[in-house]
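Subject: Structure for your files

Hello,

Here is the structure you will need, followed by some notes on what was found in it. Please keep the two together.

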Amino acid sequence: VQLQASGGGLVQAGGSLRLSCALSGRSFSSTVMGWFRQAPGKEREFVAAISRTGRTTKYADSVKGRFTISRDNAKITVYLQMNSLKPEDTAVYYCAARSYSGSLSGIGEVPDEYDYWGQGTLVTVSS
């Protein structure tokens, strides 16, 4: 199983980026996908998660209203659209996958719940 994340880069505050994460090696349609981030000196934190169907999403309070998670099951890819970026969004962003066919209720926000991780992509927001 491989997760390949891309789309990171340097952007000014207020700008936008779209991260992508492609999954290979397992069924995508039965997989919950999540995005996490880790800033220097900090623990990895939850950003967003999406159910296997894409109908349900959840977000960390810090990104709610600015970030949107989506998935394209035909392309076996999950996206994170990040708008109105702030310097505090600077971090390495990781996509993650777990096998789960239920709803997102009560799950998806803890790194240990996930079985597979991408290599991370760096997002730097300048002020």
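A nonpolar core here is a set of buried Ala, Val, Leu, Ile, Met, Phe, Trp, Tyr and Cys residues joined through side-chain atoms within 4.5 Å. Buried means under 20% relative accessible area, exposed over 50%, and partly exposed in between (1.4 Å probe, protein chains only). The model is predicted: local features need pLDDT of at least 70 and side-chain atom pairs count only at pLDDT 80 or more, while totals for chains, interfaces and linings use all residues. Residues are numbered from 1 along each chain as its sequence is written, and side-chain values use heavy atoms, with hydrogens and water left out.

The largest nonpolar core has 37 residues, of which Trp-35, Leu-80, Met-82 and Tyr-93 touch the most other members. Strands (DSSP runs of E, at least two residues, numbered from the N terminus) that each supply at least two residues of this core include S1 (2-6), S4 (31-38), S8 (77-82) and S9 (91-99).

Contact means heavy atoms within 4.5 Å. Leaving aside neighbours within four places in sequence, Tyr-93 is in contact with residues including Trp-35, Leu-80, Met-82 and Val-47.

Val-63 sits in the loop between strands S6 (57-59) and S7 (67-72). Val-63 counts as buried because its relative accessibility is 0%.

Ser-20, in strand S3 (residues 17-24), also counts as buried, because its relative accessibility is 16%. Its contacts beyond four places in sequence include Gln-4, Trp-35 and Tyr-79.

Regards

Definitions and conventions. Helix = DSSP H or I, 4+ residues; strand = E, 2+ residues; numbered from the N terminus.
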